[in-house]
Amino acid sequence: MNYNWDWGVLLQEPYFDWLVSGFSWTITVSLVAWVLAFSLGSIVGILRTTDSKFLRAIGTGYVEFFRNIPLLVQMFLWYFVFPELLPESAGMWVKRGMPMPEFTTAAICLGLYTASRVGEQVRAGILAVGIGQRNAGLAMGLTPAQVYRFVLVPVSYRIIIPPLTSEFLTIFKNSSLALTIGVLELTAQARQIEEYTFQGFEAFTAATLLYICVTSIVMLIMRVVEGKAAIPGMISLGAK
Amino acid sequence: MIELRNVSKWFGDFQVLNDCSTKVAKGEVVVVCGPSGSGKSTLIKCVNGLEPFQKGSIEVDGTSVGAKDTNLPELRSHIGMVFQNFELFPHIKVIGNITLAQLKVLQRDEKQAGEKAHALLERVGLLDQADKYPAQLSGGQQQRVAIARALAMDPIAMLFDEPTSALDPEMINEVLDVMVELANDGMTMMVVTHEMGFARKVADRVIFMDEGRIEEDCTKDDFFGTPRGARAQVFLSKILQH
């Protein structure tokens, strides 16, 4: 292979700035999407464990809809198709009027998709806590909402910290799909550097290392969270 | 105090309770026994509405459990319940387990709830464990905390669903002692258990269930004394021979 290695290109302007900018868009899209995914996913997961058939159906419908369509297709649907379904002025606003349309669409799309996955984990966590705990709470006169608030949610979220960590990591990696609708995040910038300088190996190595860097930090943070949340005496839930 | 009239319940096509009627008077201790799968746990869970039933009626202190307009949380806050697997809340300390419902349901303030909890922990002999987490206690200790937690609500009656079945043999007595004391204090109790020694000691009446039916409902002396129906005799001969 005849390849001219030139790591210096990464530190040259404007390529260094591109990497920095791409990196910060990756972080921003991912964090905004995660806030949405975590909140909405919690609601969806809880709905799926309630006594009401109607609420369960809403939760199930949401999960089945969003997890069964490829994320890439969802990106395209939100960006290209959804605005066309709206009344003309609203559609225009979504395409051009709202602040940073590509970023907003990508973050919401990624958030809604990940919410379906978070929802399933929340549901699994609540079911793992078990009917016995629910009954114990109800038997002492707590309302069903109070049982969730004081018993089921605090215990189940501790149980699902490990899979939630995976989901949080996945959202950073999935955020690279935002490039398909024009968000200049890390992968997009790496590609752009490759196109301008033909130093693709360096550019994508840098991007890879940056992704690994972020996910490692997330893993470390989540390990601390897991340790702090561990319940004394419960080995199965502790971070050992 | 507790009155069941012709209660029937189905899980799908399977009938778990078949026309069950009985009464528990104020201050009475009633032991419910029978082979596994006979519906005794289901029956006791119907009393505080944890299990819905399709036919018949249950009244607790004049309130109908099955009625649509019954405020179940309010009703349940007057009935203590103790479970086979303790079901202490693992993420809060022993003291928090006992104060939670006092604070959130009875709206007692922290000080009142804390004092009540300490008094009850002393009563079940676990005052020194107040700041531990449930998983740091033995099974017998956990069950005593669970009893204290139920008593903290000043219940008018207590339901026990196989309170000693998940315990090591050497821990059974520390739980039964607390229950005997409670019975002697005049608490109204409905106890699902296989502990015939406990039944002999404190029960006023014994209910024997089989296949969803109440087969026997008689005083303790009648149950252990005069010969009963064939199914109860077989049951007794099996569990009393050791």
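**Ground rules.** I am working with a predicted model, in which local features need pLDDT of at least 70, side-chain atom pairs count only at pLDDT 80 or more, and totals for chains, interfaces and linings use all residues. Residues are numbered from 1 along each chain as its sequence is written, chains are lettered from A and ligands numbered from 1 in the order in which they are written, and side-chain values use heavy atoms, with hydrogens and water left out.

**Chain A.** I looked up the secondary structure and found 10 helices and zero strands. Helices (H or I, at least four residues) and strands (E, at least two) are DSSP runs, numbered from the N terminus. The C-alpha atoms of chain A fill a box of roughly 70 × 50 × 30 Å along the principal axes. I noted that 48% of its 240 residues are buried. Buried means under 20% relative accessible area, exposed means over 50%, and partly exposed lies in between, with a 1.4 Å probe and protein chains only. For contacts in chain A between residues at least 6 apart in sequence, 74% join residues at least 24 apart; a contact means heavy atoms within 4.5 Å. Chain A exposes about 12,100 Å², and carbon and sulfur atoms supply 68% of it. This area comes from the Shrake-Rupley method with a 1.4 Å probe.

**Chain B.** Here I found nine helices and 10 strands. The radius of gyration of chain B is 18 Å, close to the 18 Å from the globule rule for 242 residues, so chain B is as compact as a globular protein of that length. The radius is taken over C-alpha atoms, and the rule is 2.2 Å times the number of residues to the power 0.38. The C-alpha trace of chain B spans about 55 × 45 × 30 Å along its principal axes. Buried residues make up 57% of the 242 in chain B. Chain B exposes about 10,500 Å², of which carbon and sulfur atoms supply 45%.

**Cores.** Which residues touch the most other members of the largest nonpolar core? I listed A:Ile171, B:Ile2, B:Ile58, B:Val60, B:Leu159 and B:Met190, out of 73 residues. Helix α5 (residues 101–129) of chain A gives the most to this core, with nine residues. A nonpolar core is a set of buried Ala, Val, Leu, Ile, Met, Phe, Trp, Tyr and Cys residues joined through side-chain atoms within 4.5 Å. A second, separate core has 51 residues, among them B:Val82 and B:Phe235. I then checked B:Val60: beyond four places in sequence, its contacts include B:Met1, B:Ile2 and B:Ile79.

**B:Leu151.** Is this residue buried or exposed? B:Leu151 is buried, with a relative accessible area of 7%. I found B:Leu151 in helix α5 (residues 139–151) of chain B. B:Leu182 is 31 residues away from B:Leu151 in sequence and 9.8 Å away in space, C-alpha to C-alpha. Leaving aside neighbours within four places in sequence, the contacts of B:Leu151 include B:Leu120, B:Met158 and B:Leu182.

**A:Lys95.** This residue is in helix α4 (residues 88–97) of chain A. A:Lys95 counts as partly exposed because its relative accessibility is 32%. Not counting residues up to four places away in sequence, A:Lys95 touches A:Pro83, A:Glu84 and A:Pro101.
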